[in-house]
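User: I have a structure here that is new to me. Can you walk me through it?

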Amino acid sequence: VPLMLCTWCGLRSGEVRGLRRCDVDLANRTIRVAQAVSRVKVGPHRWDWRIAPPKTAAGLRTVALPDQLVEPLREHLASLPVRGRDQLLFTSEDGRNPLASTVLADAHQKGREAIGRPSLTVHDLRRTAATLAAQGGATTKELMRLLGHTTVNVAMIYQVADDQRDRERADRLAAQLRRAV
């Protein structure tokens, strides 16, 4: 489920790992991004969890879920011991600490090897989300909202052009030209 949220909703790894029960609204098919998880060095040989709001106001957002995520999220919620609305959705084995980024990266590694794309990173899943949204007709402003970006330039970096879409564009142009002649 965490990797699906990265891929289809454009969430960063830390945002996914910072989601809580209260951030999920299955009735309205949305998730609220209100915090992110990271590791910070607190001593010469000591690290600690940092759970804080996103870096910018644009990072605080509500993202619509595709239908395909509703049931997996419902099942995941049902599998969790109930410890309150502020309980993290994705935790380490102790059930309390946040899921480590390495756990997410390891799961992603299996997927990228299965599809023969060993260079893909978890963060590349945000590009997938942006590109799918753009191909589905999202405006630049909608992409910025989805990804929590404050500038058009950053939003554009996350979109990827591909040969199939270029072929479809050329075919649409050819059809338009045939109709005009």
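Analyst: We can start with the overall layout and then look at some side-chain pairs. Keep in mind that this is a predicted model.

User: How many helices and strands does the chain have?

Analyst: The chain has eight helices and five strands. Starting at the N terminus, the order of elements is α-α-β-β-β-β-β-α-α-α-α-α-α.

User: What does the C-alpha trace span along its principal axes?

Analyst: The spans are about 70 × 40 × 35 Å. The chain has 181 residues, and 36% of them are buried.

User: And the accessible surface, what does that come to?

Analyst: About 11000 Å² for the chain, with carbon and sulfur atoms accounting for 53% of that.

User: Switching to single residues. Is Glu15 buried or exposed?

Analyst: Glu15 is buried, because its relative accessibility is 3%, under the 20% cut-off. Glu15 sits in helix H2, which covers residues 13-17.

User: Which side chain does Glu15 join in a polar contact?

Analyst: That of Arg61, at 2.8 Å. Beyond its neighbours within four places in sequence, Glu15 is in contact with several residues, including Val33, Gln35 and Arg126.

User: OK, salt bridges. What is the count?

Analyst: There are nine salt bridges. One of them is between the side chains of Asp86 and Arg20, with an N to O distance of 3.7 Å. Asp86 is in the loop between helix H3 and helix H4, while Arg20 is in the loop between H2 and strand S1, so this pair ties together parts 66 residues apart in sequence.

User: Of those two, what about burial?

Analyst: Asp86 is exposed, with a relative accessible area of 57%. Arg20 is buried, at 14%.

User: Which residue does Asp67 meet in a salt bridge?

Analyst: Arg29, at 2.4 Å from N to O. Arg29 counts as partly exposed, at 38% relative accessibility.

User: Where do Arg167 and Asp171 lie?

Analyst: Both are in helix H8, residues 163-180, four residues apart, which is about one turn of the helix. Asp171 is partly exposed, with 40% relative accessibility.

User: Which residues do salt bridges with shared partners join into one network?

Analyst: Arg20, Asp23, Arg32 and Asp86.

Conventions:
Residues numbered from 1 in each chain as written. Predicted model: local features only at pLDDT ≥ 70, side-chain atom pairs only at ≥ 80, totals over all residues. Heavy atoms only, no water. Helix = DSSP H or I, 4+ residues; strand = E, 2+ residues; numbered from the N terminus. Buried < 20%, exposed > 50% of the residue type's maximum accessible area, 1.4 Å probe, protein only. Areas by Shrake-Rupley, 256 points an atom, 1.4 Å probe, with all protein chains shown as cover. Polar contact = N/O pair within 3.5 Å; in protein donor to acceptor, adjacent residues only side chain to side chain. Contact = heavy atoms within 4.5 Å. Salt bridge = Lys/Arg side-chain N within 4 Å of Asp/Glu carboxyl O.
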